[in-house]
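Please read these notes with the model open.

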Amino acid sequence: MRTFLFSFLLALLTTNLWGQNLAPNYWQPVAYSQVQLPENAETMAPPGEHLLFSLDYAAMQNYLQRAPQAREVSAPKEGLLVQLPLHDGSFEVFSVWESPVVEPALAEKYPSIKTFAGVGVTDPSKYMRLGY
């Protein structure tokens with residue numbers, strides 16, 4: 001019995017840790033010299049003060065279609081796992097769900113407008129909002 005319980009807990013822990021790494025990464029680092037800005041664009045921060053990333057927008061948008069609705073999520077852990085870059089270049093995995101902020105009639109007229117909310121998986125004090 002003790003061996004079974006230990007094996008069960010080990011399997012549960014391994015599955016939980018392994019599941020946290022299932023969030024696909026649609027972000028690629030980009031050098032400042034690769035950024036193409038309009039001719040009249042102004043930059044607010046010097047290039048060395050932050051990191052830049054490129055997003056595979058179509059892949060992320062397609063992936064987010066699988067996010068559950070807010071009303072279907074009873075606990076933050078039940079959301080879709082999404083990786084987002086942080087200011088220091090590291091990534092945080094967030095549990096994300098669709099969280100509509102648009103009036104239903106307007107959302108029906110513009111179905112391509114979507115908004116999401118989420119909390120950090122490893123650090124639940126981190127909260128995010130995302131829209132497209």
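What volume does the second largest pocket have?

1. The second largest pocket has a volume of about 150 Å³. A pocket here is an open set of points on a 1 Å grid over the protein atoms alone, where a 1.4 Å probe fits, with protein on both sides within 12 Å along at least five of seven lines. Volume is the space filled by probe spheres set on the points.

2. The model is predicted: local features need pLDDT of at least 70, side-chain atom pairs need 80 or more, and totals for chains, interfaces and linings use all residues. Numbering starts from 1 along each chain as its sequence is written, and side-chain values use heavy atoms, without hydrogens or water.

3. The pocket lining includes Gln69, Glu98, Pro100 and Lys114. Lining residues have an atom within 4 Å of a point. By class, 6 are nonpolar, 2 polar and 2 charged.

4. Look next at Glu92, in strand β4 (residues 91–98). Glu92 is buried, at 5% relative accessible area; the cut-off is under 20%, with a 1.4 Å probe and protein chains only.

5. What does the Glu92 side chain reach? It makes a polar contact with the side chain of Thr122 at 2.9 Å (N or O atoms within 3.5 Å, one able to donate a hydrogen and the other to accept it). The Glu92 side chain also reaches the backbone nitrogen of Asp123 at 3.5 Å. Glu92 and Asp123 lie 31 residues apart in sequence, yet 8.3 Å apart C-alpha to C-alpha.

6. Overall, the element order is α-β-β-α-β-β-α-β-β from the N terminus.

Note on methods:
Helix = DSSP H or I, 4+ residues; strand = E, 2+ residues; numbered from the N terminus. Nonpolar A, V, L, I, M, F, W, Y, C, P; charged D, E, K, R; others polar. Buried < 20%, exposed > 50% of the residue type's maximum accessible area, 1.4 Å probe, protein only.
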